[in-house]
Amino acid sequence: MFVSEHYDPAALMDRLRDARTATPELIAEVIDLACRRFPSAGQTAKTARIEQLIDARAWTDVALTLIDLELPLWQVRRIAYDEGEWYCALSRERELPDWLDRSIEARHADLTVAILSAFVEAQRITAPASRPSVPASPREANPLYEPISCDNFG
């Protein structure tokens with residue numbers, strides 16, 4: 001499995017938002033599209049653990065283990081249930097106060113889907129941007145730009 005060249009995180013986020021609950025198909029889609037390290041040759045124990053959890057249909061544990069495998073610098077900061085929705089926050093700096101931390105937050109009626117939504121958003125943010133090796137310049141001149149002559153005529 002590999003991350004598709006045409007992977008659209010927004011489309012996967014829409015799919016997660018529209019899902020009522022976690023299903024084997026939804027988990028497979030997230031793994032196929034968003035996971036770069038699964039299956040991992042260097043981390044066979046984690047890969048085997050995820051496969052065991054998938055076989056057991058332990059979807060929440062699968063989502064948490066995917067975060068551990070795919071985003072080793074990220075940790076679950078908060079999982080909370082309020083008024084019918086699960087809230088999941090992932091953070092790189094869990095020990096920082098909330099107001100200083102730049103965490104990823106997601107919510108959904110299903111706990112696993114809330115965790116997967118936060119996972120996909122963190123993957124989107126940490127994905128390397130494809131940039132050209134040479135910086136681009138603006139194609140159009142600023143309308144306030146006025147050329148002046150700097151020659152010394154005297």
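Me: A polar contact is a pair of N or O atoms within 3.5 Å, and within protein one of them must be able to donate a hydrogen and the other to accept it. How far from a polar atom of the side chain of Ser91 does the backbone nitrogen of Glu93 lie?

Reply: This is a predicted model, by the way. In it, 3.0 Å lies between the backbone nitrogen of Glu93 and a polar atom of the Ser91 side chain. The cut-off is 3.5 Å, so a distance of 3.0 Å is within it.

Me: Why does Ser91 count as buried?

Reply: Buried means under 20% relative accessible area. Ser91 has 0% relative accessibility, so it counts as buried. Ser91 is placed in strand β2. Leaving out residues up to four places away in sequence, Ser91 touches Leu73, Trp74, Gln75, Arg77, Asp101 and Ser103.

Me: And what makes Leu12 buried?

Reply: The reasoning starts from the value for Leu12, 2% relative accessibility. The limit is under 20%, so Leu12 counts as buried too. Leu12 sits in helix α1, which covers residues 9-18. Between Leu12 and Leu26 there are 9.6 Å in space, C-alpha to C-alpha, although they are 14 residues apart in sequence.

Me: Let's turn to the helices. Why are α2 and α4 called roughly parallel to each other?

Reply: Helix α2 (residues 24-34) and helix α4 (residues 59-70) pack at an angle of about 5 degrees. Angles under 35 degrees count as roughly parallel, so this pair gets that description. Their axes are 11 Å apart.

Me: Which residues of α2 and α4 meet?

Reply: On the α2 side they are Pro24, Ile27, Ile31 and Ala34, and on the α4 side Trp59, Val62, Leu66 and Glu70. The residues of this contact divide into 7 nonpolar, no polar and 1 charged.

Me: How many bridges join β2 and β3?

Reply: There are 5, again antiparallel, between β2 and strand β3 (residues 104-108). With at least two needed, these strands therefore pair as well. Here Ala89 stands opposite Glu105, and Trp86 stands opposite His108.

Me: What makes β1 and β3 edge strands?

Reply: The open sheet of 3 strands runs in the order β1-β2-β3. β1 and β3 each have a single partner strand, so one side of each is left without a neighbour in the sheet. Helix α5 (residues 111-126) packs on the sheet and touches β1, β2 and β3. As for the faces of β3, Ile104, Ala106 and His108 make up the covered one, while Glu105 and Arg107 make up the uncovered one.

Conventions:
Residues numbered from 1 in each chain as written. Predicted model: local features only at pLDDT ≥ 70, side-chain atom pairs only at ≥ 80, totals over all residues. Heavy atoms only, no water. Axes fitted to C-alpha atoms, helices over the stretch in contact; angles between N-to-C directions. Helix = DSSP H or I, 4+ residues; strand = E, 2+ residues; numbered from the N terminus. Parallel < 35°, antiparallel > 145°, perpendicular 65-115°, else oblique. Contact = heavy atoms within 4.5 Å. Nonpolar A, V, L, I, M, F, W, Y, C, P; charged D, E, K, R; others polar. Buried < 20%, exposed > 50% of the residue type's maximum accessible area, 1.4 Å probe, protein only.
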